[in-house]
Structures are given as C-alpha cells and as structure tokens.
Amino acid sequence: MRIMTTLLLSAALLAGCASIPLSTMARMSSFDERSLIQLDPAQIRVRVAVPVGFEVDIEKTKLEIDLHDEAGNKRHGEFALSRLATTRSQRPGGFLRADVAANQYDLALTPESMKRLRELQAYAASHALKSYEMRVGAELGKVPEDAKALRFWADVKLSDRDAYMTLFDGAEIVLKRS
C-alpha cells in the first residue's frame, strides 16, 4: 500500500491545505531558490509517524524534489533515506480526540542520496527556476488486518539549527483493500 504525502512548494498549495499547519506554510513561503541551493544534505532530517500496529517500510520511503526551470524543463531527484531511530511517541489526536500512540521513524539521507542532492543543487544554481516541489513518500510495511483508516504525521528539518516543520499533522487516510 503506497501512501504519498506531498508538500508542494508552490503558490497553489500555500493557498491552503487542511492537514498542513499554517506555521509550516508561513515558514515555507520564505523558502526560495537560494535556500534550496544552500541546504546541507547531511543536515536534512525526515520524521514520519504512524499509529502503533502500523509500520513504515524504510527502504521504500523517499524524499523527492522536482525542479521546474523557466525553459520548461523538469529535473527530478529521488533520495533514499536511512533510519536513525525508531521510537514510540504520543501524537496529538486533534480537537476533542485522545492522543495517539505512534511508531516514529527518524530518517536521514543516505550518503549516495546526499551526493545526488548536491548534483540537483548544482542544477538549481545554474538554471532559473520557476517552481519546485518537495515530497515525502512512505510505503507501509505492516497494516493491521482490521484497520479502516490511517493517521499519518510527517515532519522535515532542513538544517541542524531549524526545528522540524510539520508537513502533515495527523492526516487521516481511508484505507482501501485490494
């Protein structure tokens, strides 16, 4: 089962999305081409969480970045992640809902992914960008048999000096069995 969460760094998304906090939208509105080029790949962290009983398949979890330049070209980067830690956490349940016990996965770019991100940054530095998108894709490794829905949290940290930005805060996804 593939669950793709998306943070589009574009005006369309910044206009509104119920599962993306306003604080994240405000922080990302100041993220520009120069910010992308200056990222240190070794400092990027991704954190995903799912309710206890679900598990994330780390080998199939990726950070993806698409660059669109002024000439109409698209450059795609897909970056594998490695596990730094897996912990149990309590995630807020939301308005009038109990907190949710969750499996939290702290992830970083693999060494090969760091190299590929630097290559993508070099491309961004030498081309006039029109837009760019950043996505975290996570595939589930384990789903409880009786599960009808999944709550999903995803956060990204772009440097050691920054706090995590919440991309998805308990987004509820209805599961369809095939």
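Student: How many helices and how many strands are in the protein chain?

Tutor: Four helices and eight strands. Bear in mind that this is a predicted model.

Student: What pattern does the protein chain follow along the sequence?

Tutor: Read the elements in order. The pattern is β-α-α-α-β-β-β-β-α-β-β-β.

Student: How far can I trust the model, and what is the average pLDDT of the protein chain?

Tutor: pLDDT is the predictor's confidence in each residue, from 0 to 100. Here the chain averages 82, and 81% of the residues score at least 70. Look at the start of the chain, though. Over residues 1-18 the pLDDT is below 50. That stretch still has 48 contacts in the model beyond near neighbours in sequence.

Student: What share of the residues is buried?

Tutor: Buried means under 20% relative accessible area. Of the 178 residues in the protein chain, 46% are buried. The accessible surface comes to about 9,400 Å². Carbon and sulfur atoms hold 50% of that surface.

Student: What share of the contacts joins residues 24 or more positions apart?

Tutor: Take the contacts with a separation of 6 or more. Of these, 72% join residues 24 or more positions apart.

Student: Which residues touch the most other members of the largest nonpolar core?

Tutor: Val48, Val50, Leu63, Leu67 and Leu109, in a core of 39 residues. Several elements give two or more residues to this core, among them strand E2 (45-51), strand E5 (100-109), helix H4 (111-126) and strand E8 (165-174). E6 gives the most, with six residues.

Student: What does Leu63 touch?

Tutor: Set aside residues up to four places away in sequence. Leu63 then touches Ile44, Gly77, Glu78, Phe79, Leu81, Leu109, Met134, Arg135 and Val136.

Student: Now for charges. How many salt bridges does the structure hold?

Tutor: The general idea comes first. Side chains of opposite charge can pair when their charged atoms come close. This structure holds eight salt bridges. In one of them, Glu139 pairs with Lys60, and the closest N and O atoms are 3.8 Å apart. Glu139 lies in strand E6 (residues 129-142) and Lys60 in strand E3 (residues 55-69), so this pair ties together parts that are 79 residues apart in sequence. Lys60 is partly exposed, at 40% relative accessible area.

Student: Which residue forms a salt bridge with Asp155?

Tutor: Arg91 does, with the closest N and O atoms 3.1 Å apart. Asp155 lies in strand E7 and Arg91 in strand E4 (residues 74-91), so the pair ties together parts that are 64 residues apart in sequence. The two side chains also make a polar contact (3.1 Å).

Student: Is Asp155 buried or exposed?

Tutor: Check the cut-off: buried means under 20%. Asp155 has 1% relative accessibility, so Asp155 counts as buried. Arg91 is buried too.

Student: Where is Asp155, and which residues is it in contact with?

Tutor: Find strand E7, residues 149-157. Leaving aside neighbours within four places in sequence, Asp155 is in contact with Arg45, Val46, Arg47, Arg91, Tyr164, Met165, Thr166 and Leu167.

Student: Which residues are linked in a network of salt bridges?

Tutor: Glu64, Asp66, Lys74, Glu133 and Arg135. Take one pair from it. Arg135 forms a salt bridge with Glu133, with the closest N and O atoms 2.9 Å apart. Arg135 is buried, at 12% relative accessible area, while Glu133 counts as partly exposed at 22%.

Conventions: Residues are numbered from 1 along each chain as its sequence is written. This is a predicted model: local features need pLDDT of at least 70, side-chain atom pairs count only at pLDDT 80 or more; totals for chains, interfaces and linings use all residues. Side-chain values use heavy atoms; hydrogens and water are left out. Buried means under 20% relative accessible area, exposed over 50%, partly exposed in between (1.4 Å probe, protein chains only). Contact means heavy atoms within 4.5 Å. Accessible areas come from the Shrake-Rupley method with a 1.4 Å probe; for residues, only the protein chains shown count as cover. A polar contact is a pair of N or O atoms within 3.5 Å; within protein, one must be able to donate a hydrogen and the other to accept it, and residues adjacent in sequence count only if both atoms are side-chain atoms. A salt bridge is a side-chain nitrogen of Lys or Arg within 4 Å of a carboxyl oxygen of Asp or Glu. A nonpolar core is a set of buried Ala, Val, Leu, Ile, Met, Phe, Trp, Tyr and Cys residues joined through side-chain atoms within 4.5 Å.
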